[in-house]
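Please keep the structure in view while reading.

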Amino acid sequence: MGKPVVVELWYAGNRVRRRIPAWAEAFVRLGASAAGAFQDRERLVAAAAVPTRAYAATLVGVGAVAARTPAALDDEKPSTEALESHFRLLSSLRPGTTVTVRSGRTKNVGTFEGVESSGREPLVVIKQKGFRQMFPKSGCHNISLRGRSLSCLFVGRVNIFEAEMTGSDVVTRDSMPLDSVLKVGRFAARRDHDIRSDILPAAGDVPARLREAQPDLIVFDGTAGFRHWRENWRNAPWLVILDRTSVHFDEGVQLIEEEFAERASEQEDAPALEPPPGTELTAFWSSR
Amino acid sequence: VKFIPLEEAADVYVSGSACEVHRIGVQAAAASTLFERLRDLERAVSDLRADEYWTTGLRYFRRRRYFIQSTPLNVSDPALELLAYVARARDHFSTCGSLYPEHADGVEQVCDALMDLLMSRIDPLSDAVVEALATYDRDRVGVVVPTFGFDKLVQRHLRLRAESEIDAVTPRDLAMRRPYDVLFVIGRPWWYVGKRWGWVYTAPRASALVMVGYEGNVRDRLPSAKAFGESVTAVAPVHDDALVEAELEDVSDEAGVDWSFMSGEVARRAVGVSTADLVDARLYLLATGCAAFLAASEESRVPTLEPDASEEGRVVYVPAPEIGPGSIVLLRSEGGGDLIVAVADAILGTAADPLRALQEAWKSRLRALVDERGVAGVVAELKLHGSSRANRSNLANWCSPRSLRTDDEQDFLAIMRAIGLEGEAAKYWTAMGRLDRAHRRAGREIREQLEEQARTADLTALEEEGRADFSLPQGGGALTAFRVEEVSPEVVAVPYQHLGDPFEARA
């Protein structure tokens, strides 16, 4: 799993601006770890029992989007850390993901095929029109992910998400709302194409804009949405937030236990995720 | 679910990470005598527990024991209904001397103990809370009770006694509130766990939980915070001051919802009503101490509010059997009668009255026929006249004013033949078709108005109290959105006119 990326967030606590507390930062790290969490033909399924649903899903999404957003690479001389991070991101892409490959002054569209690990170092394999090209870590900055699929799809109450994501209660270091990181499709202007996440109501039909979505992580905020949508997107990693105070909490736990019973591998191989303080976390690999 | 600022959420995490549990057991001689005598009787008749005579009779006692043990009110408070239940128990057991002479004395002793307790006018749970308030001199103090509909009463009582702004809440309300400094939890953990409120202990809303209950009730083990079979947990265990495992009693039917008041509500509504007007229904307990009957039929549709849905689809008509705890139902709270009928009549204008007269004419004839020959007899007759869908359930539907005509014209013709209107069948079919179209249009208009209301209304009250009022423009009257708390397992027959009509209830 990718190295957690921490986004610096602040909130208006007791009339004084403060860094978000440790439990909240842990949700951001959890999202960063869970997004794009695949292992061979398996994907992560995780669920957190939380004392209140407040902000849990949103902060997980912030971590997911931050982790899956390409770091700004200096085209000529990217740093070793930036290359390392970018290579890790590319390696976790779903096969078939569309990428852009830069060659001199031209840019070509290709698709990510996988990672070739038989040689001295791992190579990212990109299929382009008529040929395949392999990139070592040192050359991966020539592969761009602009226009790729969603980093995070939230499932839950739109109005609650809207208050958390677009309000001024929790903001970035430069006082921007969380939507400045999340770039939620539902809240975006028509001409805004830089979309990194979106929201699906817990009930109803899939909006046209999300029918072909390939999210790196689906965050189910509560049992209702999980019950309604769990048969969709069985190829993507899931993180289910279950509020202990909800009347549907036991049902949500039961649904997770059913998924657990069908898990792809035994728990010795379980994904290592850090539970935020005050929460209980279960995680396992599931076939995709 | 409502928006909670991060600071409030942080308070929840802080409460959970440093929660201490203290236990205060109370004792009162009159109450102990009742509990002991009732336990003796339960043991004495344990071999008869499947006998309905004893399950019903013991239930009267057990329910009162539950209310005494779970509600910080004076035992003489009329809301606890001790006197009424003593009378009810004495009436029920009036034949005990002849049927079970060996247990008659035990029953009498319990009745006497209940009367003695009532006359003692003690208030030990409130005494314990008020006394402990001096120890826990904190700003925000709450009391959580496991009963339905008693919270406001308890709050008024405790505020008077303690001369402080103490809150009394149900667990549902507690979840929406900022954590308290101290929270008194009345009764045994089992009562909360059984109602899916075990989180009162596993996601505590105070840094100090004080369990207050009769000695023996407060010594139970707390529910485990572990939710999943395989997991890693960062949930801090609560610091429990005195964990002593209590001997488990038979608490079989103590802590559930007491549906016994339902029969009285049904009887009151059924006086002088034609059997043709009765429909199968379940009783739904609603937030803020209300209740309403809703049809039990799969075919009935009830408007519900789905706050989770997108703005365009928040009002959803669902079959009543799919509605459960947590659902939000929309019930007409002003204007009376059926909303669709009122709006349809407004659409029809002057044509409404003659059409309604025709509707009433064939419905009243059909209901009269049911009264005269019984449901089975009318079903048989309709089949003889060529109806392919005549059965008990469909006949009840056809008798109801909400069904304007049958889906199949052949069934309608069979009804017309049976009630002596065969010669005017075509006229009735056409007239009812017009009414049907008006009803459908009314349904669409109401839905649009409701959608608009649901889109723009402030749902804070709904989230905090489980209830919100809406008024519909264009003569639609007032609607109230209620959160459903519980649904009666038993189906009863109530007049259709009373479906969806909210009333006050305590259970």
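In this predicted model, Lys183(A) has a relative accessibility of 25% and therefore counts as partly exposed, since that class lies between the limits of 20% for buried and 50% for exposed.

**Loop residues with positive phi**

- The phi angle of Lys183(A) is near 45°, a positive value in a residue other than glycine.
- Tyr55(A) also has a positive phi, near 70°, and is likewise a residue other than glycine.
- Tyr55(A) belongs to the loop between strand 4 (42-50) and helix 2 (56-68) of chain A.
- The relative accessibility of Tyr55(A) is 0%, so this residue counts as buried, the cut-off being under 20%.

**Helix packing in chain B**

- Two packed helices are described by the angle between their axes and the distance between the axes.
- In chain B, helix 3 (residues 52-70) packs with helix 6 (residues 101-120) at an angle of about 25°, and their axes are 12 Å apart.
- Helix 3 and helix 6 of chain B are therefore roughly parallel to each other, as angles under 35 degrees are classed in this way.
- The crossing of helix 3 of chain B past helix 6 of chain B is left-handed.
- Helix 3 of chain B contributes Trp54(B), Phe61(B), Arg64(B) and Ile68(B) to the contact, while helix 6 of chain B contributes His103(B), Val107(B), Val110(B), Cys111(B), Leu114(B) and Leu117(B).
- By class, eight residues of this contact are nonpolar, one is polar and one is charged.

Note on methods: Residues are numbered from 1 along each chain as its sequence is written. Chains are lettered from A and ligands numbered from 1 in the order in which they are written. This is a predicted model: local features need pLDDT of at least 70, side-chain atom pairs count only at pLDDT 80 or more; totals for chains, interfaces and linings use all residues. Side-chain values use heavy atoms; hydrogens and water are left out. Helices (H or I, at least four residues) and strands (E, at least two) are DSSP runs, numbered from the N terminus. Buried means under 20% relative accessible area, exposed over 50%, partly exposed in between (1.4 Å probe, protein chains only). Axes are lines fitted to C-alpha atoms, for helices over the stretch in contact, and angles run from 0 to 180 degrees between N-to-C directions. Angles under 35 degrees count as roughly parallel, over 145 as roughly antiparallel, 65 to 115 as roughly perpendicular and the rest as oblique. A crossing is left-handed if the near helix is turned anticlockwise from the far one by less than a right angle, and right-handed if clockwise. Contact means heavy atoms within 4.5 Å. Ala, Val, Leu, Ile, Met, Phe, Trp, Tyr, Cys and Pro count as nonpolar, Asp, Glu, Lys and Arg as charged, and the others, Gly among them, as polar.
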